[in-house]
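User: Please take a close look at the backbone in the loops of this structure. I would like a connected account of the peptide bonds and phi angles there.

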Amino acid sequence: MSNGLLLWVDDEIELLRAHIMFLENKGYDVTTVNNGSDAIDLCSQQTFDLILLDEQMPGLSGLETLQKIKDIQPATPVVMVTKSEEEDIMDQAIGSKIADYLIKPVNPKQILLTLKKNIHQKEIVTEVTQTSYQQSFMDISSQIQDSNTVEDWIEVYKRLVRWELELSSTESAMTEMLEMQKEEANNGFAKFIKKNYMRWIEGYDENKPMMSPDIFKRKVFTLLNQNEKVFMIVIDNFRYDQWRILSQEIGDMFDIEDDIYMSILPTATQYARNAIFSGLMPRQIAQMFPELWVDEEEEEGKNLNEAPLIETQINRFRRHDKFSYHKINDSTGAEKLIQQYPNLHGNNLNVVVVNFIDMLSHARTEMKMVRELASNESAYRSITLSWFRHSAISELFRLLATSDYKVIITTDHGSIRATRPIKIIGDRNTNTNLRYKLGKNLNYNEKEVFVIKEPSKAQLPSPNISTSYVFSYGDAFFAYPNNYNYYVSYYKDTFQHGGISMEEMLIPIITLTPRKR
């Protein structure tokens, strides 16, 4: 079986016979011509895997031939082979999107390397990545078994995300193995949360992780105390794997300090984001600022009071920071922010909430076409990246890259693809979230959930004296027995939040410092 079909174009092709024999012995089929016109004719008749093209030829030059070949076969990699070391020629060739540039005399190993890079890269990367993950598999499994601190679990999660990103860019069959390992890790993580969460909230554990109410105190105010100006961007429902993809887009503009913190429960916007902005747990908000807290059963929006909550936190710490608050729900809102940007420099702190990813996850649940476009984690990340590249938010980052702001990127919670229905029964006042429920007289299987029977101890509001909070974990979601099959088919494989998983609770908090080139 051939390793690939090559076209080699050179006016001194007979002097390259040894190179051609070397490639043929390596399994390549090599077609040769000695001028640009013949090369163009051949490209009109058949498709090549790669073309080696001399730059200096009588008649049509290499660059002229390249342009015409690109018109016929735009996707075929072309490697320019030339005696010329002139920078102008190199720039023109690179500007014409050549795959590689080799200076004569070339040795056969150089050519073989460029073939591997341009024809076989995907198979080689797949094979190497697959082998590397197989070698790491047992080590990660041991790490999952031995994890008993938040730092341990963050390390496990970071390793799993790294492999997920690497394997998703290949055609590896190992992705199923990784899915199983993520499931194993999430089950272990849920046991860890069940054992420790209440101790953290009740203040019995001095090793309590940084959580939602700590973000301003430990990150934002710390920077402001150092006379830094802070631009805080809260991207709703933003997972660590999505951050890793976006970081590749902005990494050359900023120095990046990459960190992870833990969302409170429920991992839902109403609770976690209000906790970030107020610096308080939900029950404390409801008690201290009842006019700013909206109960589950009330119809009005749950996050309409974010600017006032920030103000209460600034006042509580007797600070005098001048701040602005902006919520972006669409491209018009983002463009409006860009227009206002020059006027924000007088503030110590600017806070921007971006709702796109949360809107995407809801649209994916409700619209079949969006579900098709974001059919799995990899596609979900891809849409997130596409949005970022083409939105005014990327323009905001370009502006921030030339500013004197410290930039904090974070989120209120992540999400998990929910695939496993579990049954729960509640009255008609029970909330609609699929990953957590609160209500009285809830009926469920104790072994499948994490239950908080005394919400006040978890610093959660309690609408009734007998209210419980019930959380799903792993990839489970709640379904009611009546109309069960419809419910399951509608919500299975949708991205949900509110419960216990590494994806929902271990979330990015990133500090960016502009490089200011």
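Analyst: This is a predicted model, in which local features need pLDDT of at least 70, side-chain atom pairs count only at pLDDT 80 or more, and totals for chains, interfaces and linings use all residues. Residues are numbered from 1 along each chain as its sequence is written, and side-chain values use heavy atoms, with hydrogens and water left out.

The account begins with the peptide bonds. Lys104 is joined to Pro105 by a cis peptide bond, whose omega is near -5°. Pro105 itself belongs to the loop that runs between strand E5 (100-103) and helix H5 (108-118). Here helices (H or I, at least four residues) and strands (E, at least two) are DSSP runs, numbered from the N terminus. A cis bond also leads from Leu265 to Pro266, with omega near -10°. The loop holding Pro266 lies between strand E7 (254-262) and helix H11 (269-278).

The phi angles come next. Asn227, a residue other than glycine, has a positive phi, near 65°. Its place is the loop between helix H9 (215-225) and strand E6 (229-235). With a relative accessible area of 72%, Asn227 is exposed; the term means over 50% relative accessible area, whereas buried means under 20% and partly exposed lies in between (1.4 Å probe, protein chains only).

Arg318 is not a glycine, yet its phi is positive, at about 50°. This residue sits in the loop between helix H13 (306-316) and strand E8 (323-328). Arg318 counts as exposed because its relative accessibility is 72%.
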